[in-house]
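Subject: Handing over the model

Hi,

Here is the structure I promised to pass on to you.

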Amino acid sequence: MKPSHFSTMTTAKQSQAPLIDDLDDPSLFINRELGWVQFNGRVLEEALDHRHPLLERVKFLSIFANNLDEFFMIRVSGLRRQLASGVLSAPPDGMTPSEQLAAIRKELIPQLAAQMDCWQSDLSKALREANLSVLSYEELKGKQKKLLRRHFKREIFPALTPLAFDPGRPFPHIGNLSMNLAVLVNDPIQGERFARLKVPPAFPRLLKVPSEESADSYESLGLVETSNTFVWIEEVIAANLELLFPGVEVQAAYPFRLTRDADIEIEEDEASDLSVAVERGVEMRRFGSADRLEIHHDMPEWVRNVLAKNLRLAPYQVFTVEGPLGLADLMELTAVDRPDLKFEPFLPATPPAFRGANDLFAVMRQQDVLVYHPYDSFAPVVELVRQAARDPKVLTIKQTLYRVGPDSPIVDALLEARENGRQVSVLVELKARFDEENNLGWARQLEKAGVHVVYGLVGLKTHCKLLLIVRRESDGLRRYVHMATGNYNPVTARMYTDIGFFTCDGDIASDVSELFNVLTGYAHQSEYRKLLVAPTSMQEEITNRIEREIERHQAHGDGYLAFKMNALVDKKIMKALYRASQAGVKIDMQIRGICSLRPGVPGLSENIRVTSIVGRFLEHSRIFYFRNGGDEEMLLGSADLMPRNLNRRVEVLFPVSKRILTLIRDAVLFVHLNDSLQSRLLLEDGTYVRLQPGKDEEGLDSQAWMLDHYAARTEDGIAAPLPYDATRYAPPVHDDQSGH
């Protein structure tokens with residue numbers, strides 16, 4: 001029986017079990033990598049969820065596969081490097097690299113089987129019923145095959161290069177994530193031979209197939225655009241291989257796909273120009289060591305052995321698949337114009353304070369402004385930079401850019417500012433993984449326009465999201481600040497939930513100004529007025545606040561913490577949370593991805609409840625709420641509680657005013673914590689179970705509620721009743737309230 005949402009709410013209580021003294025015991029922590037595998041399993045569950053529109057389920061299946069590709073390219077490859085180098089240090093859970101690799105494969109095998117069953121037994125059949133088919137080549141009609149052959153000859157054949165493997169021709173380089181065919185031919189002179197044929201990535205993986213009715217009007221140089229039928233390109237190529245191997249008998253062709261180590265290492269200390277070093281590292285990514293080989297299940301063992309031997313892969317690195325490889329490419333189907341098979345579109349709202357405002361600076365002088373994407377539009381962020389670019393009173397614009405996307409209105413506005421004579425300084429983080437080339441391009445374009453570009457700090461990634469505008473006004477210089485939990489990217493702002501904060505607060509503006517001096521100059525600063533900054537003090541400051549809540553609870557019994565983030569892995573902070581739970585502090589955490597803390601352990605974490613939401617939007621905001629005896633504090637920012645964020649990145653957490661704290665607490669944080677339809681509960685054994693509404697309860701889908709109610713808020717807050725019992729979050733009432 002699945003747990004009811006309300007029956008599992010954490011209630012503050014002193015542990016009845018003996019307290020666990022050794023908080024370093026590895027059994028108290030969940031392995032990070034296995035926690036990630038669990039998270040991706042929750043993504044797969046969304047593909048299996050029939051409540052979602054059909055193409056949205058296909059998208060989730062594609063995301064599951066794409067996530068897994070990146071996991072092997074970065075995390076699994078890292079474990080293999082540790083294994084090869086004999087690394088002795090272990091994560092908090094104590095698992096060795098070899099133990100982790102074995103456990104990962106064990107967890108993945110049933111997930112991969114479920115993924116393929118989801119596609120073949122569920123989604124592909126449902127798509128056919130919806131008149132949107134992905135067929136095998138054998139299912140095509142004769143005329144369709146004829147037309148596809150014509151298309152193959154004219155469009156695909158010239159781009160193909162078969163590469164033989166024999167004593168005179170070495171084993172070819174297999175590119176990362178490339179789709180390939182292992183072609184077996186029978187040469188009349190040399191006998192059975194092996195060749196590799198790469199499927200050119202320039203072509204779509206799914207080719208449109210003309211229907212028999214439209215075949216007569218089929219245009220010779222392209223496939224019918226109105227077709228609702230697709231076929232895998234590798235099957236079309238395999239069916240026409242005799243054109244590539246004239247004079248020999250083509251016996252068979254087997255698809256295979258390789259994943260390589262893509263975690264590039266940049267010798268920053270030795271680089272005279274970081275941009276050149278990053279560019280060289282990106283180029284070397286093509287030659288990373290092989291990490292995973294995916295093959296079709298009917299590939300002969302001797303062919304599998306040829307591939308594994310030449311790619312230097314162990315048996316555990318080979319995965320057999322009974323169906324199409326590389327299901328991440330199913331994302332191509334979501335481009336089909338079938339709104340009936342997708343989520344209903346929505347229009348992001350303009351925050352009440354900015355509605356009808358022509359001068360955003362004037363609004364910010366009057367009040368702080370909150371935006372919560374994607375329910376709020378990203379347009380005010382872009383408009384602020386544009387107004388700064390065109391305002392002759394603006395002297396300076398400073399900004400950090402991490403992932404801005406290929407077509408950035410933010411960069412366009414910064415370029416316009418420079419053209420208009422503004423002083424513009426931008427930190428472009430070149431080491432943002434898989435965005436290195438894109439960021440290099442933006443950095444060089446900005447430099448060419450005269451923008452002062454900084455590439456980042458040696459040994460650190462700059463992950464904080466900051467915008468500072470300095471403006472001359474009648475009473476002197478004033479600084480305007482925007483900070484956020486997510487990137488300056490209008491595309492992800494429609495898919496990720498993130499919070500943005502506009503303010504003229506003097507202390508915050510001074511902190512941001514001084515932090516930019518650290519980022520662009522040689523300043524060394526470890527203390528700030530209001531900001532928590534990593535890697536200098538963030539970990540310590542968060543730990544101190546947890547300890548403060550412990551002291552408060554020991555004195556008054558009303559300790560409460562509520563955190564929302566992407567990942568919790570940092571051991572020091574997890575131990576502090578364990579101590580808080582042992583003291584009786586009630587702790588609610590919503591962690592979308594990895595959680596290495598083990599909740600519900602007697603004598604340790606009975607007062608900790610951890611949930612995870614995976615839904616239409618990717619939960620990305622980081623919110624840290626401390627009740628603090630009624631003197632509430634909330635911190636927002638870009639940092640998850642992981643060693644990389646706290647020790648190896650420049651991160652910022654920032655406080656908000658009481659008015660905005662109340663809005664986020666009641667209408668964002670607590671709404672998500674009460675989700676009973678998209679939320680999963682983390683159990684003591686590290687597994688998750690989906691919550692169910694309580695008896696006679698309709699249940700709450702927090703993202704759906706936000707779409708219905710958040711955008712319609714007024715200056716005074718949410719007009720609709722909050723979808724939970726707010727009294728459950730009220731502190732206990734005591735005779736002595738002097739501590740409040």
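Cys-464 is buried, with a relative accessible area of 2%; buried here means under 20% relative accessible area, exposed over 50%, and partly exposed in between, using a 1.4 Å probe and protein chains only. Cys-504 counts as buried too, at 17% relative accessibility. A search of the whole structure finds 0 disulfides, a disulfide being a pair of cysteine sulfur atoms within 2.5 Å. Cys-464 is in none, and the nearest cysteine sulfur, that of Cys-504, is 19 Å away. That distance is too far for a bond.

Before you read on: this is a predicted model, where local features need pLDDT of at least 70, side-chain atom pairs count only at pLDDT 80 or more, and totals for chains, interfaces and linings use all residues. Residues are numbered from 1 along each chain as its sequence is written, and side-chain values use heavy atoms, leaving out hydrogens and water.

Next, helix 14 (residues 571-583). Helices (H or I, at least four residues) and strands (E, at least two) are DSSP runs, numbered from the N terminus. After the helix comes Gly-584, whose phi is positive, near 105°. Buried residues of helix 14 include Ile-573, Leu-577 and Ala-580. Among the elements covering its buried residues are helix 13, strand 19 and helix 15 (643-647), where contact means heavy atoms within 4.5 Å.

Asp-558 sits in the loop between helix 13 (538-556) and strand 19 (560-565). Asp-558 is buried, with a relative accessible area of 1%.

Finally, strand 26 (residues 679-682): Ser-679 and Leu-681 point one way, Arg-680 and Leu-682 the other, and all are buried. Strand 26 runs antiparallel to strand 21, joined by 3 bridges, and two strands pair if DSSP finds at least two bridges between them. Strand 26 is also antiparallel to strand 27 (residues 688-690), again with 3 bridges. Arg-680 stands opposite Ser-612 and has Arg-690 as its bridge partner in strand 27. The hairpin of strand 26 and strand 27 has 5 residues between the strands, and there Gly-686 takes a positive phi near 90°.

Enjoy exploring!

Technical notes: Expected span 1.5 Å × (residues − 1).
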